[in-house]
Amino acid sequence: MNFLAHAFLSFDDPDILTGNMISDFIKGKKKFDYPQAIQKGIQLHRLIDEFTDFHPVTATAKQFFRPAYRLYSGAFVDIVFDHFLAKDDLQFSPYHGLKEFTQITYQQLETESGFFPPQFQRMFPYMRMQNWLFEYRTTEGIFKSFGGLVRRAKYLKESEIAFHIFMNEYKELEQCYSAFFPELKKYAFEKLSEIRG
């Protein structure tokens, strides 16, 4: 999953949130350089990714992108699922809405910024200033996120086809999200309980 889902599935724990958000920038045994509480967030992130990658509903969603993007189809689906999560007002009602949730998330991350790896340290000010977590809610935000994926990916040259697929298959992709996310949320909560011991 992408940034919004990982933030949401940290269940209001700042240490878990930090590990969850920086995990993609921490390779292998480097996670042991971090405090135990943040290591648990890194571990949760990896479990969430594994559950997502091998879920049959995710496989269905990937089929829309696979002909044009092959191995990158999953990365586009992650962003798409963040879009539908951002529009899922019920999930954010305990926070009085998505915008308030994003501000709480940035504030919690700011308190732990001393643990950010260099790449996330450089990225975070832009994430906060441009409110990436909220922008997943808009189709324009998804267009920009797809473009960001292309800039970071070694073998991608464009994202316009992906955006066209996203708009054309919008309802089907939304149905995939609706079938998938409740299972992911339940799984992540149970795994976090196990990790905490």
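This is a predicted model: local features need pLDDT of at least 70, side-chain atom pairs count only at pLDDT 80 or more; totals for chains, interfaces and linings use all residues.

Me: Thanks! How do H4 and H12 pack?

Reply: Helix H4 (residues 56-69) and helix H12 (residues 170-196) pack at about 160°, and their axes are 9 Å apart. That makes the two roughly antiparallel (an angle over 145 degrees). Helices here are DSSP runs of H or I with at least four residues, numbered from the N terminus. Axes are lines fitted to C-alpha atoms over the stretch in contact, and angles run from 0 to 180 degrees between N-to-C directions.

Me: Which residues make the contact?

Reply: From H4 they are Val57, Thr58, Thr60, Ala61, Phe64 and Phe65, and from H12 Glu172, Leu173, Cys176, Ala179 and Phe180. Contact means heavy atoms within 4.5 Å.

Me: And what about H4 with H11?

Reply: H4 and helix H11 (residues 160-168) pack at about 155°, with axes 10 Å apart. They are therefore roughly antiparallel to each other. On the H4 side the contact uses Phe64, Phe65, Ala68 and Tyr69, and on the H11 side Glu160, Ile161, Ala162, Ile165 and Phe166.

Me: New topic: how many residues does H3 have, and how far does it reach?

Reply: Helix H3 (residues 36-53) has 18 residues and reaches 26 Å from its first C-alpha to its last, close to the 26 Å expected at 1.5 Å a residue. That expected span is 1.5 Å times one less than the number of residues.

Me: What do the buried residues of H3 pack against?

Reply: They pack against helix H1 (3-8), helix H2 (14-22), H4, helix H5 (73-86) and H12. Among these buried residues are Ile38, Ile42, His45 and Asp49. Buried means under 20% relative accessible area, using a 1.4 Å probe and protein chains only.

Me: Last one: is phenylalanine 84 buried or exposed?

Reply: Phenylalanine 84 is buried, with a relative accessible area of 2%, and its place is in helix H5. Leaving aside neighbours within four places in sequence, phenylalanine 84 is in contact with Phe166, Tyr170, Leu173, Glu174 and Tyr177.

Me: How far apart are phenylalanine 84 and glutamate 174?

Reply: They are 90 residues apart in sequence and 6.5 Å apart in space, C-alpha to C-alpha.

Note on methods:
Residues are numbered from 1 along each chain as its sequence is written. Side-chain values use heavy atoms; hydrogens and water are left out. Angles under 35 degrees count as roughly parallel, over 145 as roughly antiparallel, 65 to 115 as roughly perpendicular and the rest as oblique. Buried means under 20% relative accessible area, exposed over 50%, partly exposed in between (1.4 Å probe, protein chains only).
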